[in-house]
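Colleague: I am new to this structure. Could you walk me through how to read it?

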Amino acid sequence: MLSMQFIRDNQERVQQTAIHKNIPFQVEELLAWDAKRKELLRQTEAIRARRNQLSKEVAPLMKQGNPGAAEPLMAQVKDMNKTLGALETELQAAEGRVSELLLLVPNIVSEDTPIGKDDGDNVEVRRFGEAPVFDFEPRDHVALGEMHDLFDIPRGVKTAGTRNYYLKGAGLYLHLAVQRLALDYLAAHGFTPMDVPVMVRPEALTRTGFFPAGQDQTFGIADEGKWLVGTSEVSLVSYYSDEIVDVGEPIRLAGMSACYRREIGSAGRDVRGLYRVHQFAKVEQVVLCQNDPSVSEALLQEITGHAEAILRMLELPYRVMAVCTGDMSQKTYKQYDIETWMPSRGAYGETHSSSNLLDFQARRSNIRYLDEDGNLQYCHTLNNTAVASPRILIPLLENHQRPDGSIDIPQALRPYMGGIERLTPPEPEE
């Protein structure tokens with residue numbers, strides 16, 4: 001979240017950010033409630049101080065055996081207690097409303113973030129590789145999956161409903177291989193690999209900025225009062241909540257986990273295949289660093305570069321997009337998406353996201369460090385998708401297919417696939 005003082009000092013900037021991010025938030029409402037809270041607090045403290053003073057005057061009178069002189073004072077104290085009780089109730093309500101509204105305040109955006117309405121206004125930064133030109137009619141990943149018996153979507157739907165699937169045989173091994181490749185790459189670059197909880201308390205989602213705005217995208221477990229995470233970012237950041245950490249060197253974490261999303265609002269979109277599903281797996285980068293925009297900007301470039309390196313290892317063409325305001329979440333200060341070429345779409349499809357949140361998330365999570373002067377500061381936090389599967393299987397299968405339906409395995413994946421160089425379709429039955 002943003003500090004109340006920052007909001008007071010930057011009212012117009014905060015309101016414009018809400019407009020640009022399409023967030024229904026009015027800074028004037030928050031400031032009005034904050035002013036009411038402060039006035040109620042002033043009144044409460046004044047009456048409490050006067051009541052305490054009168055109480056001190058009553059005690060010696062009672063000791064002197066002069067209850068008559070004490071009675072008027074005691075009556076005043078009684079009236080003040082009633083007034084104080086009413087004021088404290090109002091104050092509690094005002095404080096609660098301020099807290100609620102603070103959770104809706106959007107993070108500001110960087111000066112180089114494009115202004116736009118939706119993902120159509122994202123701006124290409126760079127691209128790598130060329131889209132393959134096939135001299136045959138290419139199959140989409142669903143046809144290739146059926147040919148090689150890599151996954152079963154109809155039975156997934158039968159068992160669990162729409163946007164569900166089974167991975168089978170080499171499909172499962174590919175799913176695991178891309179995750180292990182990403183995890184090993186990140187470990188070699190100073191990240192601590194972690195397996196994390198995916199069922200968390202609601203506070204973990206609130207503190208990391210996914211609640212209340214993203215609650216409709218999250219699966220809840222009613223009997224437990226817990227929720228399934230859509231990214232291990234929630235658990236990785238929460239690992240340090242309410243702690244004072246050492247960020248003399250940035251803390252680099254790599255979480256490998258299952259993820260769950262409801263995909264509310266995506267009805268009718270990407271219904272074929274594995275692009276938009278309820279359950280998937282990710283290897284997520286999370287970094288905590290000192291409260292210095294130049295440091296966190298450099299780390300944003302670093303973690304984006306790691307995702308690009310993994311895509312190059314998978315021999316896939318991609319492009320990096322600067323995400324515009326209208327396509328950003330409440331919590332994000334600056335964001336890149338990486339889109340990978342998907343032949344069946346005849347277009348690039350988003351496979352990775354990389355974000356700098358400044359201290360927005362750390363303020364909510366109360367993650368701090370001691371600076372060089374011994375003062376407590378909130379950390380900056382960053383996150384990035386190193387790889388997400390099964391979505392990454394779409395370009396992996398489609399870009400590496402051959403005329404006979406066989407699929408080449410990129411060199412970097414072969415050690416994780418038992419040395420297999422190519423998936424060959426089964427011989428047709430006679």
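Predicted model: local features only at pLDDT ≥ 70, side-chain atom pairs only at ≥ 80, totals over all residues.

Colleague: How many helices and strands are in the protein chain?

Modeller: Both are DSSP runs, numbered from the N terminus: helices are H or I with at least four residues, strands are E with at least two. Here there are twelve helices and 17 strands.

Colleague: What share of the residues counts as buried?

Modeller: Buried means under 20% relative accessible area, exposed over 50%, and partly exposed in between, with a 1.4 Å probe and protein chains only. Of the 430 residues, 49% count as buried.

Colleague: Which strands pair with S9?

Modeller: Two strands pair if DSSP finds at least two bridges between them. S9 covers residues 279-289, and ten of its eleven residues are buried. Strand S8 (residues 251-260) pairs with S9 in the antiparallel sense over ten bridges. There, Ala258 stands opposite Ala281. Strand S15 (residues 380-389) also runs antiparallel to S9, joined by nine bridges. Cys289 has His380 in S15 as its bridge partner.

Colleague: Which residues touch the most other members of the largest nonpolar core?

Modeller: In soluble globular proteins, nonpolar side chains tend to be buried together. A nonpolar core is a set of buried Ala, Val, Leu, Ile, Met, Phe, Trp, Tyr and Cys residues joined through side-chain atoms within 4.5 Å. The largest here has 52 residues; Leu174, Leu314, Ile392 and Leu413 touch the most other members. Elements that each supply at least two residues include S8, S9, S15 and helix H7 (169-188). H7 gives the most, with eight residues. Apart from this core lies another, of 18 residues, among them Ile23, Leu30, Leu31 and Leu358.

Colleague: Where does Leu357 lie?

Modeller: Leu357 is in the loop between strand S12 (347-356) and helix H11 (360-365). Leu357 is buried, at a relative accessible area of 0%. Contact means heavy atoms within 4.5 Å. Not counting residues up to four places away in sequence, Leu357 touches residues including Asn107, Glu233 and Thr381.

Colleague: How many aromatic pairs does the structure hold?

Modeller: Rings of Phe, Tyr and Trp (its six-membered ring) pair if their centres lie within 6.5 Å; planes under 30 degrees apart count as stacked, over 60 as edge-to-face and the rest as tilted. The structure holds five such pairs. The ring centres of Phe128 and Tyr318 are 5.5 Å apart with planes at 25°, so this pair is stacked. Phe128 sits in strand S1 (residues 123-128) and Tyr318 in strand S10, so the pair ties together parts 190 residues apart in sequence. Phe128 is partly exposed at 35%, whereas Tyr318 is buried at 1%.

Conventions: Residues numbered from 1 in each chain as written. Heavy atoms only, no water.
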